[in-house]
Amino acid sequence: MSRNIGDNIDVYGFLSNVYGINMYDADKPLQRILQYFTGKIPSLSELGIFAGRDLLEITDYVDKISKPKHIMWDVNGNRVDRVWLNPAERYAIEKLVLDFGINKPPYHGGSWHEHYAMGYLISDPGLYCIITITNQTAYALHKYGNEELKRYVPKLIGDDKPINFGATWFTEIQGGSDLGANTTVAKVDGGKWRLYGDKYFASGVGLADIALTSARPEGGKPGAKGLALFAVPRLDSSGNLNFMVRRLKDKSGTNSVPTGEVEFHGSEAYLVGDQSNGIYYIMEDLMVSRLANAIGAVGVARKAYLEAYEYASRRRAFGKLLIEHPLVIRDLMDMEVALEGATALVFKAVDEFDRSWHDKPPYGDRYHYARLLTHIAKNVTADAAAYITRLAMELYGGIGFLSEYPIERWHREALITPIWEGTSNIQALDMLEAMNKKNAHITMLSEMENTVASIKSYHEIAEAAMNAMRNTMQVISSLSSLEIEFRAKDILSTVGHAISIIVLTDIAEKLGIERYAVIAELYLERHLQGGYKVGSYDLGRKIIDIENEVVTYVR
């Protein structure tokens, strides 16, 4: 992959060291994770080529040069509130939805593992957000919509052309993550529901053909349990604009997705499912996007890691390559260990969601377990992505801070992942709620105990992680409710790290690959035992040997 000034290649290849690689074939850890959870390695090589070439360049160009633009009026003076995307971005989205079928697997007998594996390969949070909110809309309408609403599903998942875009608009300025503070009202007028109010963070504005939104039916009880879920088409039954886009927002990242503010002035709406179950539908729909957030986080981290590894393999300092310096080996090892642990954790959450997504309120134990894992995975992956992308920038030195190179953008994009779909504090509180009210930790502990008991070759590593989880649960039992809430993020991290280690160890056992036991042991030392022990240097050299373990292309 070395390049000379005279090479006949695309210009973007001079900015990125990994441009042009097959992002799927290059990523053996992803393939092995999928093999472990699904029993097969899906054929995603064509998407890997697209992700490593077209998507890298298109999303970087959109971020730096060609952001979405709000078109308020058409040439004939009609209010249209559409968003103009760079044609290359629209092409990429349509290719992902129609040709690669990213949103199709769960609805056509496939699994959520396939959908999220494709999201991992995309891992541009803005572009993947457009696909995710469209999938969330399809999810709710497919599962809870009446026949009139279900007719949108084929176009949302890419079965019919042209594709439709969906969106999820729940956030209002006065409440943020506190959905109970929502003030948007739903009134019945002439047999139709109409909405009055506005949404402050509305991703997909100007694209959405139909959006999911929360509103409180007139006279409904206060708080989150008084909310219902509605579907709001872009055009009303008379063909007129059904809601207005106030403006688009300037953001630090995620520039591929237009995010703005929406106003409802008597907008026609359709009730989704049972009015009294609105908050449950909303929280369930958020599981889809929280898993996408976690998947996007590790996908971004992988791209940043590959860039850093390639740079360290070429850049010379103090008489030798960067990758020959022990401290650089330590950094790359730290990044790879964190990344593989986080990836194992999120796919464990995806696996549980795949098993329980057909469940409906009041839900069963398996669903509550999936929800618990989702809160945990969302936080652990976000922390890992922020750390890995920052360290990747640092390994680049001064040019890592320059916006002309993609490594800087990966860090900006990673920083949204602790915020989107509920901040880390919200995830920690929701984790406690799943434990206290749904006893989801009982299922978790039981399954983890059984998994650890089944691990023979690397039992000591898995048992150490299990002990950390047991000790955490023991400490919780002796604390006041205020003290538990104060420590909630620490509890979440410890439990999440322990699950990562147990899953990694089980992968080593089930697939017969010792490398995963090595990663599990290093993860244990780093995240649960205070730091790496003597001898980690030699292990580090093996872990970052991605010529053999991660990437398969020849430079």
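**Strands first, then a helix**

Author: A215 stands opposite A228 in β7. This is a predicted model, where local features need pLDDT of at least 70, side-chain atom pairs count only at pLDDT 80 or more, and totals for chains, interfaces and linings use all residues. Residues are numbered from 1 along each chain as its sequence is written, and side-chain values use heavy atoms, with hydrogens and water left out.

Reader: OK, and in what sense do β6 and β7 pair?

Author: Antiparallel, over 6 bridges, with β7 covering residues 228-233. Two strands pair if DSSP finds at least two bridges between them. Strands are DSSP runs of E, at least two residues, and helices are runs of H or I, at least four residues, numbered from the N terminus.

Reader: Which residue stands opposite A211 in β6?

Author: That's A167. Strand β3 (residues 166-169) pairs with β6 in the parallel sense over 4 bridges. Strand β4 (residues 185-189) also runs parallel to β6, over 2 bridges, and there A186 stands opposite P217.

Reader: Why is β6 largely enclosed?

Author: Because 8 of the 8 residues in β6 (residues 210-217) are buried. Buried means under 20% relative accessible area, exposed over 50%, partly exposed in between (1.4 Å probe, protein chains only).

Reader: Switching topic: how many residues of α8 are buried?

Author: 34 of its 37, so α8 is mostly covered.
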